[in-house]
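Please look over the sequence and the model shown here before reading on. The report that accompanies them moves from the whole chain to a few local details.

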Amino acid sequence: MRYFLAIFFCFVGLFYCNGQNQVDILIIGAGAGGTSAGIQAARMGPKVQIIEASPWLGGMLTSAGVSAIDGNHEMPAGIWGEFRQKLRDHYGRAEALETGWVSHTLFEPSVGNKILQQMADIPNLNTTFNALYTDVKEDAEGWQVTYTQKGKTHYTKAKILIDATEIGELLPLVGAGFRLGMDSKNETGEIEAPEVANDIVQDLTYVLTLEDVGNRKDKKGLVKRPKNYDAKAYECACNRKDGEMFGGVSNCEQMLNYGKLPNNKYMMNWPNCGNDFYVDWPNMTADERQETLKEAKAFTQGFVYYIQNELGYKNLRVAEEFPTKDNFPMIPYDREARRIKGKVFLTADHLERPYDFNLYRTGIAVGDYPIDHHHDKNPKAPEIDFINIKVPSYNVPLGSLVPEKTENFIVAEKNISVSNIVNGTTRLQPVVLGIGQAAGALAATAIQEGKKPSEVSIRKVQNALLENNSYLMPFIDVKKEHLGFASMQRIGATGILKGYGMPYKWANQTWFYPERIVSEYEWKQGLLHYYPKLEKVHASGAGMTLSFFKSLTQLIHPDYPISSIQENWRDWNIEQEYDEKISLNRKTISILTDKVLNPFEKDIDFEGNVIGIE
């Protein structure tokens, strides 16, 4: 009996000592969102683990080979801005990344992975690579995830679980409600949406990286003609008609230079008669999806065969960019995922008319890319002119990361609560990096305060993000280097001073105009949402002065030491002169309002309403 008890306790000890890990936050998926979430959360103190199926960090940025950044060139927020700066440092200068015409920031996927690995090499963060989760369970203490790595089974218990998978894999496993495919007009209220919902998702792409080897005579990097190859599928690749948004392509050099990378490499992710491929994965099992992805690979191989043989570019060979036998990326570029049913549902109307709603007040990430969908390879897809759904730059509300019902669970990728139409812009790399960073900040704040993510103060999460140079509002003219950046972001997120948005080519805009004079009436109207007692105050259209600011301050906070304003004037980095009579600009008013009145301290709900007032 003693022998059997000894064996029993031996196995129990091995299970708990060697097989089980205890963390505060567990992230499944080390894509753009998962990596960013892990870095942000660990920086704030909690113990974090990421489980990743591949040996790389970055997901679509690196492991899928989409190493050309779409959007946010003028808004290098948070971790996205850090990543870009490290790319510039690696290649020597900003111009070294402007190699292709699709983006201002192009890089080799292996370099992107190396940089992200360096960024993630920090205390409190452990990434488990080449690991596959096999089971997800919830109990009274949180979550338990079972995964395998190198043939061994491991277990992790966590208080908060984050789904950062590329297609929202965890949503059905944890019982969270989700949307998938095209939403109906009735559900979203979007006039551009189809009358009837369907489960059609965007085309995906198996990207491939090529390199120019010059006159090399060997055959290394030349692809074989794939089975079922049809040259007609690619024959219009070098010829695209000019359009309002997408300029014409008239020759093959222009087509190839679309995704030209540093060091004479090329990203083959070409939408026009290129290598987009439709996979009906919503109606497939996981095994069926994997089999169909082989067809997507073969289609990309066919495109490269066409380039090398039909077009004669035998100098462009498959680069050994990825740690795979076939030199393909580890994963395909999925443009769409299951989208959680969240505390809020972001639709095109919110993007088109942000100030008609209050969701903008809860912003945690920003984007400026147009609504861009890929459906050319699916003849059953409704014809919707997505690219001409005009919107200004926008922000993503925190409630889109938090499930409607499932607690202690957050999403951090393309699986946020947005409409199918809006996913066409929120899916892009810098936006997802921002979404991930916000998910990490939300999870870490919840751990620090011993609360559920759904109970955490939105303003506390936003302040945590501002401390890490994230943008809450998409103000193109308020750079993070500005001394009043945080104040202008906070006051913009209260709506006391609003931005001016507009669609603009491939980089939509919202302007704050920091140097513009603020009128008494504009400021008073903005304050009313927070201080209704000001309703009867007379305010003109004249430029606002320090005297007017002080008079309203005394109405709001009668005990505030007015003399301290002058004492702190320079410490608050106010550039205008201290003068009772001069008109004050938006930057100055933002700083004064933030420092003196501090309306940002008033909590808001997920809809952006001021708690206890609106």
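## Basis of the model

This is a predicted model, in which local features need pLDDT of at least 70 and side-chain atom pairs count only at pLDDT 80 or more, while totals for chains, interfaces and linings use all residues. Residues are numbered from 1 along each chain as its sequence is written, and side-chain values use heavy atoms, with hydrogens and water left out.

## The chain as a whole

The chain holds 17 helices and 19 strands, where helices (H or I, at least four residues) and strands (E, at least two) are DSSP runs numbered from the N terminus. Its radius of gyration, taken over C-alpha atoms, is 26 Å, close to the 25 Å that the globule rule (2.2 Å times the number of residues to the power 0.38) gives for 614 residues, so the chain is as compact as a globular protein of that length. Along the principal axes, the C-alpha atoms fill a box of roughly 80 × 80 × 50 Å.

Of the 614 residues, 59% count as buried, meaning under 20% relative accessible area with a 1.4 Å probe and protein chains only. Among contacts (heavy atoms within 4.5 Å) between residues at least 6 apart in sequence, 73% join residues at least 24 apart.

## Paired strands

Strand 4 (residues 131-139) and strand 5 (residues 142-149) pair in the antiparallel sense over 8 bridges, pairing being assigned if DSSP finds at least two bridges between two strands. These two strands form a hairpin with 2 residues between them, and the bridge partner of aspartate 139 is glycine 142 in strand 5.

Elsewhere, an open sheet of 4 strands has the order 10-11-9-13 with antiparallel pairing. Its edge strands, strand 10 (260-261) and strand 13 (316-318), each pair on one side only. Strand 13 is joined to strand 9 (residues 208-212) over 3 antiparallel bridges, and aspartate 212 stands opposite leucine 316 of strand 13.

Asparagine 113 lies in helix 4 (residues 109-119) and is buried, with a relative accessible area of 8%. Leaving aside neighbours within four places in sequence, asparagine 113 is in contact with Trp56, Leu57 and Thr62.

In helix 15 (residues 546-556), the buried residues include Leu546, Phe548, Phe549 and Lys550, and also Leu552, Thr553 and Ile556. The buried residues of helix 15 pack against helix 14 (520-527), helix 16 (563-568) and helix 17 (586-597).

Notes:
Buried < 20%, exposed > 50% of the residue type's maximum accessible area, 1.4 Å probe, protein only.
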